[in-house]
Amino acid sequence: MSIFSTGLSGLNAAQNALSTTSNNISNVFTPGYNREVAILGESASGGGVQVNDIQRQFDRYVADQLNAATSESSALETYGNQVEQIDSLLADEQAGLAPLMQDFFSSMEDLASSPADPAARQGVLSSADTLSAQFRSFDGYLQDMQEGINGQIRDEVTQINNATEQLAGINREISLARARDGEAPNGLLNQRDQLVHELNERLGVRLDVQDGKAYNVSLPNGQPLVAGSRSFELRAIDSPDDPQRTVLGYRNSGGNIVAIDENAVTGGSLGGLMSFRAETLDKTQNQIGQMAVSLATAFNAQHAEGVDLQGEAGGDFFSIGQPRTYAAADNPGGAEITQASFDSENIDRLRASDYTVRVTDSESDPPAFEVRRRDTGQVLDAAEVTFNDPGNDGSDATLSFGGVTLTFDDTGKLADHDSFEVQPVRNAAGSLERAIGDPERIAAAGASGGSGNNENALAMQDLQGAALVGGSASLSGAYGAMVSDVGNRTNVVQVNLEARQSLTEQLEATQQSASGVNLDEEAANLIRYQQYYQANAKVIEAGKTMIDTILGLRA
């Protein structure tokens with residue numbers, strides 16, 4: 001090989017190395033860019049140098065670890081941002097329920113001291129108004145959060161679909177580039193890996209590299225999102241069990257939109273939203289509702305035991321809504337729940353939970369049901385579920401459990417696998433109101449002691465310390481436990497987030513040490529490759545001088 005060919009190969013190698021270094025420097029702030037290195041080798045002919053590859057410095061193992069850590073960090077950060085709002089709401093000593101409940105029972109104490117005093121009676125009504133308004137305000141705030149999460153889920157689904165569509169498109173471009181050139185451009189590979197990273201920030205996904213080339217992406221439950229050059233769209237849909245709730249859906253092989261189990265959606269901001277809703281928001285809203293129902297039913301029952309200033313029996317002091325029920329959209333039968341009410345005789349069984357009622361045997365007499373708590377997954381024992389069909393003709397049959405009673409229009413229309421969502425207390429606090437308008441109608445007196453005594457006022461005041469909530473806790477005790485639970489959950493999420501962010505930062509540092517651009521190193525490479533270029537130019541110049549000398553000798 002001639003000295004000119006050797007020098008020229010060196011010039012070409014130096015140019016490629018300089019170009020690679022320049023590209024690194026220009027992309028130092030480009031998200032997802034992986035540093036490139038010109039890999040040089042001896043020419044196949046045995047003389048000179050050749051560029052074997054422009055190698056992308058990418059570590060799949062570290063990238064997978066970083067994506068997983070990022071997904072978990074994003075989920076915890078989203079969860080933490082949401083739960084802190086509830087924690088601030090409940091822990092506010094000025095705006096909380098605790099002082100207002102204390103004020104309400106203090107007004108009952110004033111009434112017991114002066115049962116005929118109009119001011120004391122008006123004080124009871126005013127404090128009841130304030131307390132019920134705060135219950136409604138809390139429920140309204142939590143319901144706004146529910147609706148806000150529905151909107152955020154829809155936004156996240158839109159962004160996820162955009163990312164998976166782009167990912168499928170890049171898979172297609174990479175495949176074409178490999179077929180055309182034998183190798184894919186590093187820029188496309190970087191874009192694809194960055195998309196996977198960004199996708200993990202929104203949703204925990206499973207990545208499978210097909211034949212070391214195409215990326216297949218799926219949910220942890222196996223539902224595909226990207227398969228080669230095809231993307232599969234997620235849908236934000238109303239839950240088939242609860243139309244107020246937005247969940248994820250996908251189109252199955254039959255062309256139908258099917259809801260994805262909420263537990264299958266983990267990681268990323270979307271997983272964080274769904275975990276927060278299921279673990280904290282639903283629970284807190286149910287706990288507030290349970291307290292409101294417990295207060296209303298117990299107070300109404302005691303108020304009915306007394307008489308007012310006109311000597312008439314006391315009516316309801318508070319009004320409150322009834323349990324909500326939803327029939328699953330795909331129920332095979334035609335039975336409907338026509339009424340849902342609280343079972344006052346078993347109100348101590350009322351829990352801060354939703355239930356799923358499923359028909360397991362519609363042909364048996366009576367029909368068999370499975371009642372499952374949504375918060376714990378526990379199936380209620382048969383002894384806790386009572387079915388009653390007074391007419392024994394399939395009409396006006398009732399099913400009682402957990403402090404609620406459901407009335408079916410016709411059990412003859414029930415079919416196996418029929419499913420009903422029951423929310424006994426989810427929005428109950430939002431409907432709590434004072435039902436009595438005239439102060440004279442407060443039944444402060446005992447029924448046997450005349451209209452001017454304070455026996456029933458004392459009994460109503462004693463409800464402050466009674467185990468009204470779930471048969472085991474007072475109102476203030478239940479509220480304190482709820483505040484403590486949310487506070488503890490907030491702290492746990494924050495601690496876990498800090499630990500996960502620390503791991504994420506370590507993995508980012510590891511990834512950057514291998515794949516990131518170091519400007520000092522690249523600047524040194526520029527000088528080195530420039531000298532390399534100049535040296536090879538000298539080789540060519542020396543060859544030219546030698547040829548000139550030889551030609552000069554002949555002359």
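Is Thr490 buried or exposed? In this predicted model, Thr490 has a relative accessible area of 9% and is buried. The residue belongs to helix 8, which covers residues 475-515. Leaving aside residues up to four places away in sequence, Thr490 touches Val83, Glu84 and Asp87.

Helix 8 also takes part in a packing of two helices. Such a pair is described by the angle between the two axes and by the distance between them. Helix 3, made of residues 97-113, packs with helix 8 at an angle of about 175 degrees, and their axes are 10 Å apart. Because an angle over 145 degrees counts as roughly antiparallel, helix 3 and helix 8 are roughly antiparallel to each other. On the side of helix 3, the contact is made by Leu97, Ala98, Met101 and Phe105, and on the side of helix 8 by Leu475, Ser476 and Tyr479. Sorted by class, the contact of helix 3 with helix 8 has six nonpolar residues, one polar residue and no charged residues.

A second pair of helices may be described in the same terms. Helix 6, residues 268-303, and helix 7, residues 455-462, have axes 9 Å apart and pack at an angle of about 165 degrees. That angle makes helix 6 roughly antiparallel to helix 7. The crossing in which helix 6 passes helix 7 is right-handed. Helix 6 contributes Phe299, Gln302 and His303 to the contact, while helix 7 contributes Asn456, Ala459 and Met460. The residues of this contact of helix 6 with helix 7 divide into three nonpolar, three polar and no charged.

Helix 5 can be considered by its length and its surroundings. With 17 residues, numbered 186-202, helix 5 reaches 25 Å from its first C-alpha to its last, close to the 24 Å expected at 1.5 Å a residue. Twelve of those 17 residues are buried, so helix 5 is largely enclosed by the rest of the structure. Among the buried residues of helix 5 are Leu188, Leu189, Leu195, Val196 and Leu199, and also Arg192, Asp193 and His197. Asn190 is another of the buried residues in helix 5.

Tyr33 lies in the loop between helix 1 (3-26) and strand 1 (36-42). Although Tyr33 and Asn190 are 157 residues apart in sequence, they are 5.8 Å apart in space, C-alpha to C-alpha. Tyr33 touches Asn190, and also Asn23, Asn24, Asn27, Ser515 and Val517, when residues up to four places away in sequence are not counted. At 10% relative accessibility, Tyr33 counts as buried, because buried means under 20%.

Two further loops contain backbone features to note. In the loop between strand 14 (355-361) and strand 15 (368-373) is Pro366. The peptide bond that joins Asp365 and Pro366 is cis, with omega about 0 degrees. The other loop, between strand 18 (404-410) and strand 19 (419-423), holds His417. Although His417 is not a glycine, its phi is positive, at about 80 degrees. His417 has 60% relative accessibility and therefore counts as exposed, whereas Thr490 is buried.

Conventions. Residues are numbered from 1 along each chain as its sequence is written. This is a predicted model: local features need pLDDT of at least 70, side-chain atom pairs count only at pLDDT 80 or more; totals for chains, interfaces and linings use all residues. Side-chain values use heavy atoms; hydrogens and water are left out. Axes are lines fitted to C-alpha atoms, for helices over the stretch in contact, and angles run from 0 to 180 degrees between N-to-C directions. Helices (H or I, at least four residues) and strands (E, at least two) are DSSP runs, numbered from the N terminus. Angles under 35 degrees count as roughly parallel, over 145 as roughly antiparallel, 65 to 115 as roughly perpendicular and the rest as oblique. A crossing is left-handed if the near helix is turned anticlockwise from the far one by less than a right angle, and right-handed if clockwise. Contact means heavy atoms within 4.5 Å. Ala, Val, Leu, Ile, Met, Phe, Trp, Tyr, Cys and Pro count as nonpolar, Asp, Glu, Lys and Arg as charged, and the others, Gly among them, as polar. Buried means under 20% relative accessible area, exposed over 50%, partly exposed in between (1.4 Å probe, protein chains only). The expected span of a helix is 1.5 Å times one less than its number of residues.
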